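Please look through the sequence and the model before reading on.

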Amino acid sequence: QGRLVESGGGLVQAGGSLRLSCAASASIFSLNAMAWYRQAPGKQRELVAWITNGGRTSYADSMKGRFTISRDKNTLYLQMNSLKPEDTAVYYCAADTSLRMIVAGTPDYWGQGTQVTVSS
């Protein structure tokens, strides 16, 4: 059965950095597309970044230049630099065979989420 388990969240001051990790079962990691989403209190879930098996990546405009998504050895990563208070949210990793489903926000597999809090 596929599993995704996030870790690495926490409390950080504005301007700081965090690296999120998402450990995936082998069957999940072999899927074509993986992604990070986030959901802040009272807001809709948004797509942060995605990456394909071939290494193609894409980022939401507000994360470009600050966040880096990568994948290696059954783990998905999100390096977050220059964090801002508005980055505070629960961050989720996800995976699907179809990149279209990732972009649509409806991937088949989800992690449980990890809280990131950025203080001003």
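Strands E9 and E11 run antiparallel and are joined by three bridges. Helices (H or I, at least four residues) and strands (E, at least two) are DSSP runs, numbered from the N terminus, and two strands pair if DSSP finds at least two bridges between them. Ala89 has Val116 of E11 as its bridge partner, and Val90 has Gln115 of E11. This is a predicted model, in which local features need pLDDT of at least 70 and side-chain atom pairs count only at pLDDT 80 or more, while totals for chains, interfaces and linings use all residues. Residues are numbered from 1 along each chain as its sequence is written, and side-chain values use heavy atoms, with hydrogens and water left out.

Six of the eight residues of E9 are buried, so the strand is mostly covered. Here buried means under 20% relative accessible area, exposed means over 50%, and partly exposed lies in between (1.4 Å probe, protein chains only).

E11 pairs on another side of the list with strand E2 (residues 10-13), in the parallel sense and over four bridges. Val12 has Val118 of E11 as its bridge partner. The largest one has 29 residues, and Trp36, Leu78, Met80 and Tyr91 have the most contacts inside it. Several elements each supply at least two residues of this core, among them strand E3 (18-24), helix H1 (26-29), strand E4 (33-39), strand E8 (75-80) and strand E9 (89-96). A second, separate core has seven residues, including Ala35, Tyr37, Trp50 and Ala94. Contact means heavy atoms within 4.5 Å. Leaving out residues up to four places away in sequence, Met80 touches Gly16, Ser17, Leu18, Leu20, Arg66, Phe67, Tyr91 and Val116.

Ile102 is in helix H2 (residues 99-104). Its relative accessibility is 0%, so Ile102 counts as buried. Apart from neighbours within four places in sequence, Ile102 is in contact with Ala33, Met34, Ala35, Tyr37, Leu47, Trp50, Ala94, Ala95, Asp96 and Pro107. Ile102 and Leu47 are 55 residues apart along the chain, and their C-alpha atoms are separated by 8.2 Å.

Asp96, one of those contacts of Ile102, lies in strand E9. The side chain of Asp96 does reach the backbone nitrogen of Asp108, at 2.8 Å, and makes a polar contact of 3.4 Å with the side chain of Thr97. A polar contact is a pair of N or O atoms within 3.5 Å; within protein, one must be able to donate a hydrogen and the other to accept it, and residues adjacent in sequence count only if both atoms are side-chain atoms.

Glu46 lies in strand E5. With a relative accessible area of 33%, Glu46 is partly exposed. The side chains of Glu46 and Arg38 are joined by a polar contact of 2.6 Å. Not counting residues up to four places away in sequence, Glu46 touches Tyr37, Arg38 and Met63.

Two loop residues remain. Most residues other than glycine have a negative phi. Asn74, in the loop between E7 and E8, has a positive phi, near 65°. Asn74 is partly exposed, with a relative accessible area of 32%. Ser82, in the loop between E8 and E9, is not a glycine either, and its phi is positive at about 50°. Ser82 counts as partly exposed, at 41% relative accessibility.

Key:
Core = buried A, V, L, I, M, F, W, Y, C linked by side-chain atoms within 4.5 Å.
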